[in-house]
Amino acid sequence: MADEDPRISPVFDLVLRAGASETPKSLASNEVLLHVVHDVGGQPDVPLDLTEHKEAPWETRTHATCECLCWRGHWSSEERRRGENDMGQTLYAGIPYYGRWILVAAKHLLDTGRITPDELSAKIEEVRARYAAQATEVTP
Amino acid sequence: MRRFKVGDRVTVLDKPTLFHTRTQSYCRGRTGVIVALRPDDWVIPEDEAWGRVDGRRLPCYMIRFQQGDLWPDYRGPATDTVELEIFENWLEPAKEAAQ
Amino acid sequence: MSDDHDHLPDVEDTPNDFEILEIAIRELSIAKGYFSAEDHRRFMEWAESISPAAGARMVARAWVDPEYKKRVLADGTAAAQEIGIDMTAPTGQGTPSDYIYLVVHENTPKVHNVIVCTLCSCYPRWVLGMEPAWYKSFNYRRRMVRWPRQVLAEFGTIIPDDVEVRVHDSNQKTRYMVLPMRPAGTEGWTEEQLAAIVTRDTMIGVAVPRVDSLVGQRP
């Protein structure tokens, strides 16, 4: 998606540096376990892409949906941020910013039993079917 | 009752943190000076991030670090700084003598 | 565009999977009473109403009114409220992600302030609108706190060596805004004229206000 830099590898060299060892070192020396995913301050990178990107409607809707869940007491923004870390380095870096938000919201609702996997699957299929029907409508 | 006041030099503890933190790795073990107080009734991230919305409320401080103290290879002017907010449970009085 | 679940949101192409997921989560949440369609509509309205114009008004007012400037620096939240910027919107207690604690940092001939959130994308949305894509990019989050002058230079902003660059990493509940220095050549300007040169980027701290051109300026 447009708001992520495609030049950045989703698996930053921190993972490689910790070693793809099959005999893990102790917790104290295992950087991968002790490195919190969102704690990126000080890592190097290439010059910035300063292109402006107007927020897409789905992104604004995602923002509102996640905030409404917080507003009505179903989670807090700090739980959301922690949930984004829980996704792990690859997803954290590899999907769009608001993709993280909505994935974490879905996971939280499932984890807490507020929705069931069946309900979510059925609803996704229903939404897809509606869009497919709309796409094939003959416009006058 | 706050443990620290503006002007105090403090060192950031380096506690093992898995999964989530809001005390950045780049300030762990580093020493800075408290330049401002923040409210003392914010729930700490160690509780809030895990769903304990009525968790521990601790004083928070705005701390100024010299860039040269944070990064061994910092090449900018010695006066450049970074300011971070850190909760009291992450702080101890500075280990080294004030300069 | 409506977020009522009987009306499909406008999409130009096939909706992406995240878009589908959001619709699914929203409709399930509304059906189960986790929040209402009205809640969502109010948040959408809020998101679409915020912009850097609010922050620019604060800065322009602070430039012409020294007493207001003191209030801005002493209590950013109250100073914003004073000119009609309501940080309690849209819930009455603010937004869950932005909290209600604004601190404004003043640029001086000795100190240049700049804002970043290395951990996520904390940003003073009520006064600056939604954050730009580069602000929430990994790139900016990684580099501003360690190579600030290099990153500022990429914006075309060169800070002299005798000026301290002070980076504010928003890692807790405070949200920051920069009060830029009023440039020379603006003597006698009205607040409206002054606000027009206070861009979003000058209140993040990656740019400084310029009097010479509004054409082709970055936001």
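Start where chains A and C meet: in this predicted model, the contact draws on 50 residues from chain C and 56 residues from chain A. On the chain C side, four helices each put in at least two residues: H1 (17–31), H2 (37–49), H7 (138–143) and H8 (148–154). H1(C) gives the most, with twelve residues. As for what that side of chain C is made of, you'll find 28 nonpolar residues, eight polar and 14 charged.

Now look at where chain A touches chain B. Here the contact takes 14 residues from chain A and 15 residues from chain B.

Next, the inside. Nonpolar side chains tend to be buried together in soluble globular proteins. The largest nonpolar core here has 103 residues, and the members touching the most others are A:Ile102, A:Ala105, C:Val59, C:Val114 and C:Val127. Helix H6 of chain A (residues 97–111) provides the largest share of this core, nine residues. Chain C has a part in the core too: its domain 1 (17–48) and domain 2 (51–204) both give residues, so the core lies between them.

Leaving out residues up to four places away in sequence, C:Val127 touches C:Ala54, C:Gly55, C:Met58, C:Ala80, C:Ile85, C:Leu102 and C:Met177.

Note on methods. Residues numbered from 1 in each chain as written. Chains lettered and ligands numbered in written order. Predicted model: local features only at pLDDT ≥ 70, side-chain atom pairs only at ≥ 80, totals over all residues. Core = buried A, V, L, I, M, F, W, Y, C linked by C-beta atoms within 7 Å. Buried ≥ 20, exposed ≤ 12 C-beta atoms within 10 Å, placed from the backbone. Domains from an automatic or database assignment. Contact = placed C-beta atoms within 7 Å. Nonpolar A, V, L, I, M, F, W, Y, C, P; charged D, E, K, R; others polar.
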